[in-house]
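Subject: Structure handover

Hello,

Here is the structure for you to look through. My notes on it follow below.

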Amino acid sequence: NIAKEVTLKNKEGALDNAEKRLGKIKEIFAIVAVSPRAAGLEQKKPYIFEASVSGGDIQKQFTHVKELLGKEIKIDQIFETGASVDVAAITKGKGWQGVIQRYGAKKKQHKSRKTVREIGSLGLCCFFFA
């Protein structure tokens, strides 16, 4: 449950106060938290981000966010099939790596001096540096 992992300060009457100020508001954003365990990820901390709410006028957007507040939302409730979305991802950390693993360079010959897994030349193996 995301409520156990994330603590938010909730003041009494904050929703009513926000509803009174809707005339001054131009855009509505929702703070969304993704539970990594529910998404099948190994990450422990929840991924928290802001999502813009669009569609209709400000009053409709506010009531929509208010209805969804504190509930679990599935991806098919938000996006249609074939819609374009921006994606954020976390890369797998591999720690401190040598040139063979890090840049995909070829190993030296077995007759080379001392080491086989160091860079011999930057020839065609690492053409992406140019």
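Of the 130 residues in the protein, 11% are buried. Please keep in mind that this is a predicted model. The accessible surface comes to about 12200 Å², and carbon and sulfur atoms account for 54% of that area.

The protein has 5 helices and 2 strands. Starting from the N terminus, the order of the elements is α-α-β-α-β-α-α. If you take the contacts between residues at least 6 apart in sequence, 39% of them join residues at least 24 apart.

Next, the interior. In soluble globular proteins, nonpolar side chains tend to be buried together. Which residues make up the largest nonpolar core here? There are 6 residues in this core: Leu22, Ile28, Ala30, Val53, Ile58 and Phe62. At least two of the core residues come from β1 (28-34), and at least two come from α4. One member of the core, Ile58, touches Leu22, Ile25, Lys26, Glu27 and Ile28, leaving aside residues up to four places away in sequence.

Ile73, Ile75, Ile78, Phe79, Val85 and Val87 form a nonpolar surface patch of about 580 Å². Ile78 sits in the loop between α4 (58-68) and α5 (99-103).

Along the chain, Ile90 and Gln43 are 47 residues apart, while their C-alpha atoms are separated by 9.3 Å.

Last, the aromatic rings. How many aromatic pairs does the structure hold? It holds 1. The rings belong to Tyr47 and Phe49; their centres are 5.5 Å apart and their planes stand at 35°, so the pair is tilted. Planes under 30 degrees apart would have counted as stacked, and over 60 as edge-to-face. Both partners of the pair are partly exposed: Tyr47 has a relative accessible area of 34%, and Phe49 has one of 31%.

Regards

Note on methods: Residues numbered from 1 in each chain as written. Predicted model: local features only at pLDDT ≥ 70, side-chain atom pairs only at ≥ 80, totals over all residues. Heavy atoms only, no water. Patch = residues over 30% accessible without salt bridge, like charges linked within 9 Å, V, L, I, M, F, W, Y side chains within 5 Å. Areas by Shrake-Rupley, 256 points an atom, 1.4 Å probe, with all protein chains shown as cover. Salt bridge = Lys/Arg side-chain N within 4 Å of Asp/Glu carboxyl O. Helix = DSSP H or I, 4+ residues; strand = E, 2+ residues; numbered from the N terminus. Phe/Tyr/Trp six-rings, centres within 6.5 Å; stacked < 30°, edge-to-face > 60°. Buried < 20%, exposed > 50% of the residue type's maximum accessible area, 1.4 Å probe, protein only. Contact = heavy atoms within 4.5 Å. Core = buried A, V, L, I, M, F, W, Y, C linked by side-chain atoms within 4.5 Å.
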